[in-house]
Number of protein chains: 2
Amino acid sequence: MALPKTNGPPARIQLQQVTPQVDCGRYPVKRTVGERVEVTARIFRDGHEALGAAVRVKPPGASRWSEEPLAPRGNDHWEGSFAVDQPGLWQFRVEAWVDRIASFQEELRRKVDSGQDDLAGELSEAAVLFGREISAEEALAAAADDRSGKTWSETYCVDVDRVLARFGSWYELFPRSWGGFEGVRAQLPRLAELGFDVVYLPPIHPIGHTNRKGRNNAAAAEPGDVGSPWAIGSEEGGHDAIHPDLGTAEEFRRLVAEGKEHGLEVALDFAIQCSPDHPWLKEHPEWFNRRPDGTLKYAENPPKRYQDIYNVNFDCEDWRGLWQALLDVVLHWVEQGVTVFRVDNPHTKPVPFWQWLIQEVRTEHPEAIFLAEAFTRPAMMTTLAKAGFAQSYTYFTWKNSRWELLELVGQLLDWRDVYRPNCFTNTPDILHEYLQHGGRPAFEARLVLAATLSPAYGIYSGFEHCENVPVREGSEEYLDSEKYEAKERALDGPLLPLAQALNTARRENEALQHLDGFTVLETENEQLFAFLKRRGENTVVTVVNLDPAATQEGVCILPVSTGLPPAYPVRDLLAGESWTWHIGRNYVKLRAGKSHVLRIGS
Amino acid sequence: MALPKTNGPPARIQLQQVTPQVDCGRYPVKRTVGERVEVTARIFRDGHEALGAAVRVKPPGASRWSEEPLAPRGNDHWEGSFAVDQPGLWQFRVEAWVDRIASFQEELRRKVDSGQDDLAGELSEAAVLFGREISAEEALAAAADDRSGKTWSETYCVDVDRVLARFGSWYELFPRSWGGFEGVRAQLPRLAELGFDVVYLPPIHPIGHTNRKGRNNAAAAEPGDVGSPWAIGSEEGGHDAIHPDLGTAEEFRRLVAEGKEHGLEVALDFAIQCSPDHPWLKEHPEWFNRRPDGTLKYAENPPKRYQDIYNVNFDCEDWRGLWQALLDVVLHWVEQGVTVFRVDNPHTKPVPFWQWLIQEVRTEHPEAIFLAEAFTRPAMMTTLAKAGFAQSYTYFTWKNSRWELLELVGQLLDWRDVYRPNCFTNTPDILHEYLQHGGRPAFEARLVLAATLSPAYGIYSGFEHCENVPVREGSEEYLDSEKYEAKERALDGPLLPLAQALNTARRENEALQHLDGFTVLETENEQLFAFLKRRGENTVVTVVNLDPAATQEGVCILPVSTGLPPAYPVRDLLAGESWTWHIGRNYVKLRAGKSHVLRIGS
């Protein structure tokens, strides 16, 4: 091992196990604006020197580092924190040093305390340390702020997002079923009143006509069939164009702007795939997968063929041109006021592409939020989150029993430093059989679960009407799916009052705005799923009857470890009723699919 | 985020979570010669390409990398291993790639299987891939060994030691109590017969006379007092000299060489401290802590003063000269044949110094083993191990109850990738009150615990005689401690037959040669401590009556999870008796301090 070429010996202070960090600092940890980042480290040295330590912090775009103290908590464990008050990529590192004055004072104090009276040698050292002759009393009283033998950790990053990246209620709608952009704009006051934060629109671009799919995904479209919005591009334009049936660019910008006035953001879909009529196929055939004979290859997953879709080749010779064009698409919509993007199937595109694209967008637009629609294996799902996606779809739709829900929440809690769930109750692709067979009670239970388990959740319109007919038995596709035809939609579903009550409860209870602070509660009935969430002084207990067919009774056991008093008032945020609950067993009886969402305290 | 300046886009394969690694690869993981290093990683890519992966390995001093395959185990988890057959610092990294041929074959196979008969496009791709016209049958049968889009992990290190670094039985003796080197040499056949692997000698150097401590650590020595071997150095020499009363350099070399013939290694003490008479104080006063007036500072821990000891200043201006001199001391003894060093108080010296010194020694002498005598906080103890110490003392002497032992073993198992315990039953500094008050039964219990819990253990001579009188009540120091006076010692203690039986059992049972494979067993009696150790086909159950005063009875419960048959023969390796034990409860009754060490199977 080579010794350093500098004059001094290597630093003696050991600085280890800095947290938070993800994969040895390869990826940033995620936080939202307004939070404090809790920093810990192991810091120690041989011998008895007094140490000091701090966390040095650089906000996004700043050129100077600020400092917050770290304090020793015993066993060489040091702790501190810093606040993040703006979105973007923050940097921090831990520094530690020897305080020679404090070290000297500690030694001198022990000698004075034990009655040693010959301090001539010690005071000769003090004279050197303080730069002047000094008495023992003066030396002991001096301020200790020396920093020698400084050591520092590597620099780690914190990716800070707006609060909306963590906490928000989404409503998904196909604008063609609502009268286009102007029709959607007319719904904004009501959507705001219902407590939604995001209106998410599937692709709004021109739809291809070559090999267009018909109603119910028929291989060939009938005349008049409108096609799938995900078959993007026609002679009328590609990813930066608007389908003429939906409205004008001006109307779109007005929708986005007026949404913001109501506290509602319009989220767009970003689906990197092209219909056979997309302008890029002619303008840039080199961006697509081609056979040796030069013909373009449509998408396949043998033996399935997707002849209405062409995928780009991220590794093509002009990959830089392709990547830049895709970035330009996103930046185009950012310029129209859109800062929330739901990304279609990101796991079938290269991870480094997403890392680059999201970072490019967020360097200039740190408020931008990307939601990953990736349903694949855990390694890819977490890696996309690490690579920059602020939110991610989850397996929530397929987790309906108590043990499935517990497994899901455990996984999400494990991932919480990088992966923020957005739990949709349904999507245009997923109508789970629990909803198909459970009727309205199933819809109510799932709505309460989504809204109370996950800080971000969403419903796809139709849910509030308890739409539950599949295209055929065994399929999760809707009959007469809105993906392939336009509907007549209105905000008058019977579940909207429940959604509104939940959204109000979410806004008024910080415990529901975070994933952690979660404790599962015993119910002595597998059909009753109960959990407690806590944030600061705010505690909410949710109990859901998962059985969509029958009333269930049981208990909800609040353990002493919750720190609650022996008896305490609870108020049901859905029904408005109040009771007194106790540490220990509380009797619970709920009709099919019904829930308590209980705020603890008055 | 800047894109790469190279022509191609960034690698799409994700390669994460490579194990084994310690602190993000900052330190090597530890293994011993003859083991296989199990390597795992998460490897995946977007899309459906077929991936391949391998671990690339470079033995110490080699210039070429060899390769072992990694195989997929599901969920993007890949596994493989490589053997380490020589001591020293090994390197490895994981590599992964796309196999374009296997990917093409997989797609083609699915098309053929589903009956697609127009394969013209596919075969035009095959022609490019294989470089010639090729039929579907040929393409499907071709060997798939293409490696494209290669990605590799960082390089990680494995520090490989001789087996003795993990597994060995130590006997500590002061040679001045045994007739010097020649007297110790006469004991070698008997020590070998008893099954010991290492004879560890406290410092063998000249002892200072200025401020020499007397018997029982008296402030002043009486005429004839021999002093502490840790007060190193006199006019007769320093750390590279031999105390003339012990013998000559020639006799020492003969002792070391003859030990090796008996399978016994002589371990030396390396204590970096100097008596006031050490030659370095005159030759190199600049290496020591000094007051501003130039006088040297003796060691202190206020209000305690150690006027017989001077510590070196590792940060002095000539630190390079000092560090090199200390390295030269170790290398001097290596040249005499010594390759095992017990290092005194390494935690009061800089960690980077140890990292440098051990690596310097082991680059040329990879067989060298350093044992850290550090009793301090966990962060420093583990860091010294990471920095290069092959073995470490533990808190074993202070862990006597069942829960204390379980806590200790849990910690040691947590640390097992870097920290190898050496459990001494006693040391010249530590006579625990359990031994002071427990009499022979306490000594027997502790001997069995040390020898069966830890692959490396040791006793300090006197233990086998059940010496247990402290200098005063409440002290862990021995009365008439051998640290300050010479004794008349002989290998005739009553516990030697037990030590011999244990050492034989350890050599014949691989389960006792490793720390892991440990399962605690329920006994329904806090005084009965039982555990199972397994390695391959070898299983050993130890049951110890921790009560030194009374017979205890209880059960030893072997759970189904051990995988043992419903009933099986066991043989007591101490008493020689055989029984039949069962899954479930086995009745156990043991007299005070007695144990079973049961080998499972015939």
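Below are my entries, topic by topic. One thing to keep in mind throughout is that this is a predicted model.

**Two copies**

I started with how the chains relate. Chain A can be laid on chain B with an RMSD of 0.1 Å, using a turn of 180° and a shift of 0.0 Å along the axis. The two copies are thus related as by a two-fold rotation axis. I also checked the contact surface: 100% of the contact residues of chain A recur in chain B, so the same surface serves both copies. Which residue of chain A comes closest to the rotation axis? I found A:Cys24, with its C-alpha at 2.9 Å.

**The barrel in chain B**

Next I traced the strands of chain B. Eight of them close into a barrel, and I wrote down the order as E10-E11-E12-E15-E16-E17-E18-E19. The pairing here is parallel. On average, neighbouring strands of this sheet are turned by 25° against each other, direction ignored.

I zoomed in on one pair. Strand E17 (residues 391-393) and strand E18 (residues 421-424) of chain B pair in the parallel sense over two bridges. In that pair, B:Tyr393 stands opposite B:Asn422 of E18(B).

Then I looked at a helix beside these strands. Helix H8 (residues 351-364) of chain B lies across strands E12 (265-270), E15 (340-344) and E16 (369-373) of that chain. H8 runs at about 155° to E16(B).

**The open sheet in chain B**

Chain B also has an open sheet of six strands, in the order E20-E21-E22-E27-E24-E25. The pairing in this one is antiparallel. Which strands sit at the edges? They are E20 (518-521) and E25 (578-582) of chain B, and each pairs on one side only. Neighbouring strands are turned by 30° against each other on average, again ignoring direction.

Strand E24 (residues 567-572) of chain B and E25(B) are antiparallel, with five bridges. B:Pro569 has B:Thr580 of E25(B) as its bridge partner. A reminder to myself: strands of a sheet pair through backbone hydrogen bonds, either parallel or antiparallel.

**A bent helix in chain A**

A straight helix of 21 residues would span 30 Å, yet H11 of chain A spans only 21 Å between its end C-alpha atoms. Where does it bend? H11(A) bends by about 135° at A:Gly439, and a proline, A:Pro441, follows within four residues. I also looked at burial: 16 of the 21 residues of H11(A) are buried, so this helix is largely enclosed by the rest of the structure.

Last, I went looking for exceptions. Most residues other than glycine have a negative phi, and most peptide bonds are trans.

- The bond from A:Pro302 to A:Pro303 is cis, with omega near 5°. A:Pro303 is in the loop between strands E13 (298-301) and E14 (304-310) of chain A.
- The bond from B:Thr19 to B:Pro20 is cis too, with omega near 0°. I found B:Pro20 in the loop between strands E1 (14-19) and E2 (29-32) of chain B.
- A:Asn216 has a positive phi of about 55°.
- At 14% relative accessibility, B:Cys466 counts as buried, since the cut-off for that is under 20%.

Methods. Residues are numbered from 1 along each chain as its sequence is written. Chains are lettered from A and ligands numbered from 1 in the order in which they are written. This is a predicted model: local features need pLDDT of at least 70, side-chain atom pairs count only at pLDDT 80 or more; totals for chains, interfaces and linings use all residues. Side-chain values use heavy atoms; hydrogens and water are left out. Copies are superposed by least squares on the C-alpha atoms of residues with pLDDT of at least 70 in both. Contact means heavy atoms within 4.5 Å. The expected span of a helix is 1.5 Å times one less than its number of residues. The bend at a residue is the angle between axes fitted to the seven residues ending there and the seven starting there. Buried means under 20% relative accessible area, exposed over 50%, partly exposed in between (1.4 Å probe, protein chains only). Two strands pair if DSSP finds at least two bridges between them. Axes are lines fitted to C-alpha atoms, for helices over the stretch in contact, and angles run from 0 to 180 degrees between N-to-C directions.
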